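User: I'm new to this one. Can you walk me through it, quick and plain?

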Amino acid sequence: MPDFEQQTDFGDRRVPLGDKQAMVDDVFRSVARRYDLMNDLMSLGLHRMWKDLLVAKLNPPKRRAFAHLDVAGGTGDVAFRVAASGGPGTRVSALDVNPEMLRVGRSRAGRRRGGDRVTFVEGNAEALPFPDDVFDGYTIAFGIRNVPRIEIALKEAFRALKRGGRFLCLEFSRVDTPVLDRLYDAYSFAVIPALGKAVAGDGEPYRYLVESIRRFPSAERFRAMIADAGFSRVDFTRLSGGVVAIHSGWKL
Ligand SMILES: C[S@@+](CC[C@H](N)C(=O)[O-])C[C@H]1O[C@@H](n2cnc3c(N)ncnc32)[C@H](O)[C@@H]1O
């Protein structure tokens, strides 16, 4: 049962923990149709490189079976990459809580390499609809900061992975370089919501996205949270001056 007394962040606002998921769902319902275009525009295409690097780190095997779970899979970007990069024995479940995002993902599958190896599943990162110890790999890209109870989602990742399975998370991080940090802030708070308004007709969901990035724990703090969930050899790599980081852990 959600604890409605407890508060959490929704962007820069404090909201009841039990309300956050519905608010996040509203954001992604409203951006789903323009999500892929906006991703390219907002990141100046960089999200493609970050996702390629995530999948290169995962390095799914070409010659043996590989069961992969991509959580908060949205429109399938990471799932398609994992499927295309693995061999014929690679199977990917792309799980997302939002039916609108999944609808866009399913409609892209026919046009994407590896699309026939991807199954889209509606479900919540905090309560994965899978048994224990079934996946060789778990990824979550730009998803974990939207999940109300991150600790529970991390425990679920650990539960669903097999021993020897790998957890990888691509998420926004902190830009700590002088000058670059101010440019990045100006771009995020001025350009992104304006772009959202011009292209998608509403700047508000994009304001939430930018604020939620700033609220996400530091890479060091998030590393500790991953370790607390039970993962071993936990580490992270910063990319693009700290705009994003790839976090890695193993279930050993
Ligand atoms: C920014 S999008 C990322 C989509 C995709 N991974 C990508 O990188 O393009 C965040 C996604 O997280 C999903 N999401 C939010 N809360 C979730 C939850 N509790 N469980 C599963 N997915 C969730 C949203 O529906 C949305 O599709």
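User: Where does Leu-44 lie?
Analyst: Leu-44 lies in the loop between H2 and helix H3 (46-58). Helices (H or I, at least four residues) and strands (E, at least two) are DSSP runs, numbered from the N terminus. This is a predicted model: local features need pLDDT of at least 70, side-chain atom pairs count only at pLDDT 80 or more, and totals for chains, interfaces and linings use all residues. Residues are numbered from 1 along each chain as its sequence is written, and side-chain values use heavy atoms, with hydrogens and water left out.

User: Is Leu-44 buried or exposed?
Analyst: Leu-44 counts as exposed, because its relative accessibility is 65%. The cut-offs: buried means under 20% relative accessible area, exposed over 50%, and partly exposed in between (1.4 Å probe, protein chains only).

User: What about the phi of Leu-44?
Analyst: Leu-44 has a positive phi of about 55°, although it is not a glycine.

User: Why mention that?
Analyst: Most residues other than glycine have a negative phi.

User: What is the phi of Ala-72?
Analyst: Ala-72 has a positive phi of about 55°, and it is not a glycine. Ala-72 is in the loop between strand S3 (66-71) and helix H4 (77-85). Ala-72 counts as partly exposed, because its relative accessibility is 25%.

User: OK, zoom out. How many helices and strands are there in the protein?
Analyst: Nine helices and nine strands.

User: What is the radius of gyration?
Analyst: The protein has 17 Å. A compact globule with 252 residues would have a radius near 18 Å, so the value agrees. The radius is taken over C-alpha atoms, and the globule rule is 2.2 Å times the number of residues to the power 0.38.

User: And what box do the C-alpha atoms fill?
Analyst: Roughly 50 × 40 × 40 Å, taken along the principal axes.

User: What share of the residues counts as buried?
Analyst: Of the 252 residues, 54% count as buried. The protein exposes about 11600 Å², with carbon and sulfur atoms supplying 53% of that. Accessible areas come from the Shrake-Rupley method with a 1.4 Å probe; for residues, only the protein chains shown count as cover.

User: What about contacts between residues at least 24 apart?
Analyst: Take contacts between residues at least 6 apart in sequence: 72% of them join residues at least 24 apart. Contact means heavy atoms within 4.5 Å.

User: Switching to helix H8. How many residues does H8 have, and what does it span?
Analyst: H8 has twelve residues (204-215). At 1.5 Å a residue it should span 16 Å; the end C-alpha atoms are 17 Å apart, which agrees. The expected span is 1.5 Å times one less than the number of residues.

User: Which residues of H8 are buried?
Analyst: Pro-205, Tyr-206, Tyr-208, Leu-209, Val-210, Glu-211, Ser-212 and Ile-213.

User: What do they pack against?
Analyst: The buried residues of H8 pack against strand S1 (7-10), helix H1 (17-31), helix H2 (35-42), strand S7 (161-172) and helix H7 (180-200).

User: Pick one. What does Ser-212 touch?
Analyst: Leaving out residues up to four places away in sequence, Ser-212 touches Gly-11 and Arg-145. Ser-212 counts as buried, because its relative accessibility is 5%.

User: And which residues does Phe-10 touch?
Analyst: Phe-10 is in strand S1. With residues up to four places away in sequence left out, Phe-10 touches Val-15, Lys-20, Met-23, Val-24, Val-27, Tyr-208 and Glu-211. Phe-10 is buried, with a relative accessible area of 9%.

User: Now H7. What about Ser-188 there?
Analyst: Ser-188 is in helix H7. Ser-188 counts as buried, because its relative accessibility is 3%. Not counting residues up to four places away in sequence, Ser-188 touches Pro-193, Val-210 and Arg-214.

User: Is Ala-200 buried or partly exposed?
Analyst: Partly exposed, with a relative accessible area of 28%. Ala-200 is also in helix H7. Ala-200 touches Arg-34, Leu-195 and Tyr-206, not counting residues up to four places away in sequence.

User: How far apart are Ala-200 and Tyr-35?
Analyst: They are 165 residues apart along the chain, and their C-alpha atoms are separated by 8.8 Å.
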